[in-house]
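User: Can you walk me through this one? I'd like to go over the surface, the charged pairs and one of the helices.

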Amino acid sequence: MTMQAASTEIASRTAAIIDEMKGLEGPLLPILHSIQEEFGYVPKDALPVIADGLNLSRAEVHGVVSFYHDFRAKPAGRHVLKLCQAEACQSMGSDVVAAKVKQLLGIGFHETTRDGSVTLEPVYCLGLCACSPSAMLDGEVIGRLDDEKIGEIVAEVRS
């Protein structure tokens with residue numbers, strides 16, 4: 001598929017999502033979530049379509065996309081591993097957990113492994129403060145991370 005054809009397909013699929021949801025009160029966030037669900041990320045080519053469809057400036061749409069950490073600018077890996085970096089997890093060693101995971105995967109936050117197996121993202125509270133440090137792997141929360149659980153997680157995302 002050519003770049004032009006991909007851009008046209010993104011625009012048409014984005015327009016369909018906007019048409020379906022623009023009647024909602026405060027439709028921008030639900031539209032962005034639907035677009036990310038559709039494509040796996042929020043394509044740059046979708047931003048002007050959203051702005052036009054909602055009568056917003058491109059800067060307003062970009063500001064919302066860049067503000068919320070859940071929106072991605074490029075496709076994620078097959079697995080998404082989110083490591084909590086909030087205060088409770090920090091006090092229980094999330095920095096050590098993050099350093100170990102980064103070292104084992106060979107990537108940093110907001111990066112995807114070369115083989116596309118996993119994307120590593122920081123998150124700022126999973127609501128598991130009593131079980132910190134915590135993570136979320138593909139939507140499933142994991143508490144009380146230790147070396148053994150880190151090893152199991154890395155083995156799972158690499159398989």
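**Surface patch and salt bridges**

Analyst: Starting with the surface of this predicted model: Leu29, Phe67 and Tyr68 make up a nonpolar patch there, and together they have about 310 Å² of accessible area.

User: Where's tyrosine 68 found?

Analyst: Tyrosine 68 is in the loop between α4 (58-67) and β1 (79-84).

User: OK, charges. How many salt bridges in the whole structure?

Analyst: A search of the whole structure gives six. One of them joins the side chains of arginine 13 and glutamate 38, at 2.6 Å from N to O. That pair links distant parts of the chain, with arginine 13 in helix α1 (residues 3-21) and glutamate 38 in helix α2 (residues 28-39), 25 residues apart.

User: What's the relative accessible area of arginine 13?

Analyst: Arginine 13 has 27%, so it is partly exposed. Glutamate 38 also falls in the partly exposed class, because its relative accessibility is 40%.

User: Which residues are in a network with Arg13?

Analyst: Glu9 and Glu38; salt bridges link them with Arg13 in a network.

User: What does arginine 72 form a salt bridge with?

Analyst: With glutamate 121, and the closest N and O atoms are 2.9 Å apart. Arginine 72 sits in the loop between α4 and β1, while glutamate 121 belongs to strand β3 (residues 118-123), so the pair ties together parts 49 residues apart in sequence.

User: Are arginine 72 and glutamate 121 buried or exposed?

Analyst: Both arginine 72 and glutamate 121 are buried, which means under 20% relative accessible area.

User: What about aspartate 19, which side chain does it meet?

Analyst: That of lysine 22, in a salt bridge with an N to O distance of 3.7 Å. Aspartate 19 counts as exposed because its relative accessibility is 54%. Lysine 22 has a relative accessible area of 45%, so lysine 22 is partly exposed.

User: Switching to helix α3. Which residues are buried there?

Analyst: Helix α3 covers residues 47-54, and its buried residues include Leu47, Val49, Ile50, Ala51 and Leu54.

User: And what follows α3?

Analyst: Asparagine 55, with a positive phi near 55°.

Definitions and conventions:
Residues are numbered from 1 along each chain as its sequence is written. This is a predicted model: local features need pLDDT of at least 70, side-chain atom pairs count only at pLDDT 80 or more; totals for chains, interfaces and linings use all residues. Side-chain values use heavy atoms; hydrogens and water are left out. Buried means under 20% relative accessible area, exposed over 50%, partly exposed in between (1.4 Å probe, protein chains only). Helices (H or I, at least four residues) and strands (E, at least two) are DSSP runs, numbered from the N terminus. Patches are made of residues with over 30% relative accessible area and no salt bridge: like charges are joined within 9 Å, nonpolar side chains (Val, Leu, Ile, Met, Phe, Trp, Tyr) within 5 Å. Accessible areas come from the Shrake-Rupley method with a 1.4 Å probe; for residues, only the protein chains shown count as cover. A salt bridge is a side-chain nitrogen of Lys or Arg within 4 Å of a carboxyl oxygen of Asp or Glu.
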